[in-house]
Amino acid sequence: SIVYSLSGLNNVTGVKIYYQDRNGNYTDAPLYRVNLTKPLTTKEFPDKLGRKIKIYFANDNATHLIADYRAMSRENVQIAKTIIDELILGPRKDTGQKGVIPTDISKGDIRVWMDQSNTRVMVDLPAKLDGNKMGSAGALMTLYAIVNSLTDPVNTPNVEEVQFLMDGKIVKTFGNLEFSEPFIRNPAIIQE
């Protein structure tokens, strides 16, 4: 953590670390198999820190989306699936945010993959996620929480749009929303 933080500063190419031993002397002796005799760089710790992803939940009155951050492993290459799983998990307690995915939807119910262009995420919703039962505000918050989370440059800089399917098929509407065309990021719905 120290090496990653300090390496982000201008002109810092490595971090030399000393620590106080049991006798009160400062030393650069190896510590837990880490050689401290030379400056450390982030290259020595490629898999030690995860990365953060940005996801969106509804505000109290479901008029805007509010960003939240979650951590994921650096080795995880299924970013889109992780984003969907975190949206299903819902917001943390005492954040003032509301979940956007109904509680009867579980991990694995929503399938997600990249299309061949590598700029569009395909999101296959289950039929039990009924836009008519969610109301127009609920359907809008659900869809744009998914779209804005998947297209946020923090998460996926190459993703430009999201195509929704319902049980593997393109359908015309979700509730009262047009659903057959791909969705693009909507920053106007995000509460800053």
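The model is predicted, so local features need pLDDT of at least 70 and side-chain atom pairs count only at pLDDT 80 or more, whereas totals for chains, interfaces and linings use all residues. Residues are numbered from 1 along each chain as its sequence is written, and side-chain values use heavy atoms, with hydrogens and water left out. The protein chain holds three helices and ten strands, where helices (H or I, at least four residues) and strands (E, at least two) are DSSP runs numbered from the N terminus.

**Overall build**

- Read from the N terminus, the elements of the protein chain follow the order α-β-β-β-β-α-β-β-α-β-β-β-β.
- The protein chain has a radius of gyration of 22 Å, while a compact globule of 192 residues would have one near 16 Å; the radius is taken over C-alpha atoms, and the globule rule is 2.2 Å times the number of residues to the power 0.38.
- Along the principal axes, the C-alpha atoms of the protein chain fill a box of roughly 70 × 40 × 30 Å.
- Of the contacts in the protein chain with a separation of 6 or more, 55% join residues 24 or more positions apart, contact meaning heavy atoms within 4.5 Å.

**Surface and charge**

- Buried residues make up 38% of the 192 residues in the protein chain; buried means under 20% relative accessible area, exposed over 50%, and partly exposed in between, with a 1.4 Å probe and protein chains only.
- The protein chain carries 23 positive and 22 negative side chains, and the centres of the two sets lie 5 Å apart. Lys and Arg count as positive and Asp and Glu as negative, while His and the chain ends are not counted, and each charge is placed at NZ of Lys, CZ of Arg, CG of Asp or CD of Glu.

**Helix α2**

- Helix α2 (residues 79-89) is mostly covered, with nine of its eleven residues buried; among them are Ile79, Ile83, Asp85 and Glu86.
- The buried residues of α2 pack against the strands β3 (51-58), β4 (65-72), β5 (111-114) and β6 (120-125), and also against helix α3 (131-151).
- Glycine 90, which follows α2, has a positive phi near 95°.

**The four-stranded sheet**

- An open sheet with mixed pairing has the strand order β5-β6-β7-β10. Because β5 and β10 (183-184) stand at the edges, each with a single partner strand, one side of each is left without a neighbour in the sheet.
- Two strands pair if DSSP finds at least two bridges between them: β6 and β7 are parallel over six bridges, whereas β7 (residues 161-166) and β10 are antiparallel over two.
- Valine 162 in β7 is the bridge partner of valine 121, and valine 162 also stands opposite phenylalanine 183 in β10.
- In β7, six of six residues are buried: Glu161, Gln163 and Leu165 point one way, and Val162, Phe164 and Met166 the other way.

**Two contrasting positions**

- Alanine 139 lies in helix α3 and is buried, with a relative accessible area of 0%. Leaving aside neighbours within four places in sequence, alanine 139 is in contact with Gly131, Met134, Phe174 and Leu177.
- The C-alpha atoms of alanine 139 and asparagine 176 are 8.4 Å apart, although 37 residues separate the two along the chain.
- Glutamate 181 sits in the loop between β9 (177-178) and β10 and counts as exposed, because its relative accessibility is 53%.
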